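The following paragraphs lead the reader through selected features of the structure displayed below.

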Amino acid sequence: MNSQLLSLAIWVPILGAVPVFWIGSERRTLVRWLSLAVAVAGFLVTLPLYSGFDVTQAGMQFVEQAPWITRFNVQYLLGVDGISMPFILLNSLVTVLVVLAGWEVIEDKQAQYMGAFLIMSGLMNGIFSALDGVLFYVFFEASLIPMYIIIGAWGGPNRVYAAFKFFLYTLLGSLLMLVALIWLFLESNGSFNILDWHQLRIGIAPQILIFIAFLVSFAVKVPMWPVHTWLPDAHVEAPTGGSVVLAAIALKLGAYGFVRFSLPIVPDASHQLAPFIIALSLIGVIYIGFVALVQTDMKKLIAYSSISHMGFVTLGFFIFNQIGVEGALVQMISHGFVSAAMFLCVGVMYDRMHSRMIADYGGVVNTMPKFAALFVFFAMANSGLPATSGFVGEFMVILGAIKFNFWVGFAAATTLILGAAYTLWMVKRVVFGEVANDHVAKLTDIGGRELLILGLLAVCVLAMGLYPFPFTEVMHASVDNLLKHVAVSKL
Amino acid sequence: MGMKNLYLLVPLAPLAGAILAGFFGKVIGRTGAHLVTILGVAISFALSVLIYQDVQAGHLFNGAVYTWMESGGLKLQVGFLIDPLTVTMMLVVNFVSLMVHVYTIGYMAEDPGYQRFFSYISLFTFSMLMLVMSNNFVQLFFGWEAVGLVSYLLIGFWYTRPTAIYANLKAFLVNRVGDFGFLLGIGLIAAYAGSLDYAEVFAKREQLAAITELVTGWPLITAICICLFIGAMGKSAQFPLHVWLPDSMEGPTPISALIHAATMVTAGIFMVSRMSPLFELSDTALSFVIVIGAITTLFMALIAIVQTDIKRVVAYSTLSQLGYMTMALGASAYSVAIFHLMTHAFFKAVLFLGAGSVIIAMHHEQDMRRMGGLRKYMPVTYLTMFIAAIANAGLPPFAGFFSKDSIIEAVHFAQVPGAGFAYFCALAAVFVGGLYSFRLIFFTFHGKERFREAAHDAHGHDAHGHGHHAAEPHESPKVVTVPLILLSIPAIASGWLIGTVLYGKWFGDAIYIAESHKGVEKMAEEFHGVAGMVMHSVTTLPFWLAISGAATAWFLYIVRPDLPAVIKKKSGVLATILEEKYGFDRFNEWFFAGGARLIGRGLWKGGDQALIDGVMVNGSASVVGWISGLVRLFQSGRIYQYAFGMIFGVFALLTLWFNRA
């Protein structure tokens, strides 16, 4: 059957980047339109993954298998289930938006900029569909490079520090993961197939070591408290498109790692260490919520808000009930829309004012009414207002958490107050009020291209808030299967 | 079935109006905007009347429209529950909303945000209808938060005013504190009942009542009810979450009438009534409810006496009246609470819209100290507000009397702990209510005409082209006065429905009352018709308390207008406490807002920057640096050091070699 779909999702954007580089930045119009065409094509090839998806099936679908490095039994093995499939669509959609967002504002080396994002997109589709440990690792590490370049080349004044911090932080984590992967390879008598590893019987001591190795790697990516401090720096320095991809997709890689590796491979260690992860997640939600409140830089504020929202994801995974896990996955998708939109909104203002500081703004609604309406809408989604996607995931995780333990739910639910406080306080200072200064007075409202990008995201946010059924429907079988698998001890 | 489509049309008609006016405001223009929105609400109102008749004929409905989401055995649907309680709310919401829509044509006539305003109030109507028509907790929560959102947008409607955008943020956040509790309540229900559908949850309530919450060790039903009620405290502005409502007066007056008096703030009252099958199982929760209601009733009424801003007097009056409704809930008199909700919606809407009419006439002056003697300039406003004030004070035979007197009676019969305290508060607040209601009337419409003095020191308002004799007040246009008149009819007469609403099976099975809480049943035995109730009241304490409140107001503001200042001076601290509103705003600003920022800064600077980045990240970087510094010593590039190392190594190896065993 249509078994080339995943390869297309990976290689269309990557190979499409080649002519983009080749044309070069001098021919801007051509570069832009070609990049857009590649991104749109990359998105279109992922659509059959949804339409052709069998929701009743828990296992991997659209599987592709070919030998790669036969000596170590490494395979080119791809496949998606209800957990990973939505993220390939999300990633490919976000890529289209990112290309559009860089349409005019990127003046320097636009071909390389667009190409980097296209390659990044393909690599991340690879991460979500790889079922071979080595293949996964290669994609996982390779995706660091374009992001490193994006921050380092098109970033703000302190970009080199931020890019290094980002790179080292995440690389340190991944090295431990590599050790774990090799151990699993040896233990499984020479298999790199992740699905084989799911069936592997492992003693409790190695389980805990493997769990910790994965944890370090994934926790940095998510990021979880206390290994989160690279994210605000990276966001602040990254160009808008970089922030969007970082928040919408790159953060999901770590969370995805937990459900693909940690939970099914070492379920006993996961159960034993769950209280620890839950505690870190709740600290993330609350501690980071307070920190977000006092930020003076909008991008930092949204970065901290991202960390706080990702706390819900790890919380949802480790309470081990269906509504919690599905809620966490929904939260991941929703956060993809909402955080992307929030960073794009800041980008819209930054393009005009060249400042991210809250204090430089005030009364933006007077000069940019259309933009203000959208910004307030996304801020509400960020605060988890019902009928927006931001509500669904938080609501599900809170329900799951209360089922698990009332006080865990209680702590998680404080986000209702904190999230609204930091988001809307920023909105108050930036959007509302009298025109604060001459720069604000000279602002021009968003044009058609910006309206298209933000409008598309607004439709996604609203649709997912009003009718989340199709999103959870595709997850049921896989999540159910995962939870059943995790409930069985491997000792 | 055709009826389901009609039900669907009730909320969707105002939504369509809101979308048209909101997104196509420029295209359809001002007239177009008010026409489509009024049409939407009018359709919704007409359908509500139809549905009311259908419900009267015994056709109830409880069914889903679509499945919103399904996860972990929990099926969450969007659906409607149409029963007498719902339909009562639909009628009240739509009627007041319709009047407010018409009134807005006049009130907002010169505002540049005309279309936006109409869009918001129609969106509000949609949200409120979704809330009252829901048959499940998720949709209830959606409506709950959606009305909060619209309230946020409308309080901050004039977004350039610093006070308005402060007030709307405050309103949203204080409401979120309530919603926090509300969501926990919903979560507990989902965890233990395995469903969020009203009917399914109510069917399991006996089992729920037997459960002790595993982790906390609380009786589950009490925990659920108190959590839900915390939500009601936010939305219905009960002590100590009342602080947002007075500030919400920063919004345009029509929404003060619609949202912050007649409908949204009563959502909490409605919700608790809807949940009567749960609340009836926990006397602890009822006791909590009645005490919170009692505190709100009396202490908010006291603040109303010292306010000088006409809208704020009405706002504190609203708080006090919401307190009455809450007390009724605590006394298990849910039907009485809804009855008061209904009469209050009418007379409070008149008071607010009347205040708005005065404010237009005074060119956006809200301070009563700069009014006085207005009755001969604006007779219709005066008359309708006078009617509403009588109703608000609870004097017969106007609407407020019947509902308020029934509440006092119900509280009297209540057995839950705290009922005695509540009864005292209820009575004391009757006197205070008479005082502040008539103070408002006398201060504004009687006595010396003080607005001419005011016009001299505050000249700024002539700017927006009102004509030259702008200071001379005049009656408002028909679009303003007609809704006032139409609303004052039920403000007089809706109380006469008491026999039907309270004692005539009006609510059918929508409200459940436990065997041990039969106060309303006893009241029914003592009820002998509307006329009998009026006649009887003359011999009761509340009547004379209200009369003496009114008389005090008359004496202080008509006979001896010099006295209030003297009293204020003499009462010293007491007056300051009331003027400071018991210091809640200051405390919250200092403790919660300041405290949160302090914690945030502490965690950021101390946690993220000093500890994590300073010690851990840069610390490990410096450890690496230190080690590499050490290692660097071995690679100095100096030949003699390498030679020395080599010789030393050779000697060491040779020593080992010769000493081998």
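Helices (H or I, at least four residues) and strands (E, at least two) are DSSP runs, numbered from the N terminus, and the expected span of a helix is 1.5 Å times one less than its number of residues. The model is predicted: local features need pLDDT of at least 70, side-chain atom pairs count only at pLDDT 80 or more, and totals for chains, interfaces and linings use all residues. Residues are numbered from 1 along each chain as its sequence is written, while chains are lettered from A and ligands numbered from 1 in the order in which they are written.

Helix 20 of chain A (residues 415-430) comprises 16 residues and spans 22 Å from its first C-alpha to its last, close to the 22 Å expected at 1.5 Å a residue. Of the 16 residues of helix 20 of chain A, 16 are buried (20 or more other C-beta atoms, placed from the backbone, within 10 Å of the residue's own).

Chain B contributes 45 residues and chain A 44 residues to the contact between them, where contact requires C-beta atoms, placed from the backbone, within 7 Å. On the side of chain B that touches chain A, two or more residues come from each of strand 1 (61-71), helix 5 (137-155), helix 6 (162-193) and helix 28 (584-632) of chain B. Helix 6 of chain B gives the most, with 15 residues.

Strand 1 of chain B also pairs with strand 2 of chain B (residues 74-82) in the antiparallel sense over 9 bridges; pairing requires at least two DSSP bridges. B:T67 stands opposite B:Q77 in strand 2 of chain B. The hairpin of these strands has 2 residues between them, and B:G72 takes a positive phi near 55° there.

Technical notes:
Two residues are in contact if their C-beta atoms, placed from the backbone, lie within 7 Å. A residue is buried if 20 or more other C-beta atoms lie within 10 Å of its own, exposed if 12 or fewer, and partly exposed in between; C-beta atoms are placed from the backbone.
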